[in-house]
Amino acid sequence: MAMQVSESDQIKQFKEFLGTYNKVTENCFMDCVKDFTTREVKPEESSCSESCLQKYLKMTQRISMRFQEYHIQQNEALAAKAGLLAQPR
């Protein structure tokens with residue numbers, strides 16, 4: 001049963017990854033690709049798409065760090081509150 005749950009979680013995570021990947025791809029494509037008269041990717045389009053992806057990755061990393069900081073603060077606050085409540089008066 002635990003194996004099935006982890007597989008289900010893995011599938012869910014993979015679907016979320018694909019959804020995010022598709023959104024980033026679409027957003028960067030819409031922002032960067034302007035010329036459809038040729039099959040070749042222009043250097044401006046290539047650098048724009050690379051910058052777009054780098055910006056997204058940095059944003060994701062920063063959000064993740066802030067989320068972790070928030071959870072640490074919440075856990076510390078809960079621990080302090082539990083410590084105050086557990087002390088005899």
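Analyst: Happy to! This is a predicted model. In the largest pocket, H1 gives the most to the lining, with 7 residues.

User: Nice. Which helices each supply at least two residues of that lining?
Analyst: Helix H1 (2–32) and helix H2 (43–86) do.

User: And how much space lies in the largest pocket?
Analyst: About 260 Å³.

User: Which residues line the largest pocket?
Analyst: The lining is made up of Phe17, Thr20, Tyr21, Val24, Thr25, Cys28, Phe29, Ser49, Leu53, Tyr56, Leu57 and Thr60.

User: What does that lining look like by class?
Analyst: There are 8 nonpolar and 4 polar residues in the lining, and no charged ones.

User: Tell me about tyrosine 21, then. Where is its place?
Analyst: Tyrosine 21 sits in helix H1.

User: Why does tyrosine 21 count as partly exposed?
Analyst: Because its relative accessibility is 48%, and partly exposed covers the range between buried, under 20%, and exposed, over 50%.

User: Zooming out, how many helices and strands are in the chain?
Analyst: The chain has 2 helices and 0 strands.

User: What share of the chain do buried residues make up?
Analyst: Of the 89 residues, 7% are buried.

User: Last one: what does the accessible surface of the chain come to?
Analyst: About 8,400 Å², and carbon and sulfur atoms account for 59% of that surface.

How values were computed: Residues numbered from 1 in each chain as written. Predicted model: local features only at pLDDT ≥ 70, side-chain atom pairs only at ≥ 80, totals over all residues. Heavy atoms only, no water. 1 Å grid on protein atoms, 1.4 Å probe; cavity = no way out; pocket = protein on both sides within 12 Å on 5 of 7 lines; lining within 4 Å. Points joined across faces, edges and corners; volume = space filled by probe spheres on them. Helix = DSSP H or I, 4+ residues; strand = E, 2+ residues; numbered from the N terminus. Nonpolar A, V, L, I, M, F, W, Y, C, P; charged D, E, K, R; others polar. Buried < 20%, exposed > 50% of the residue type's maximum accessible area, 1.4 Å probe, protein only. Areas by Shrake-Rupley, 256 points an atom, 1.4 Å probe, with all protein chains shown as cover.
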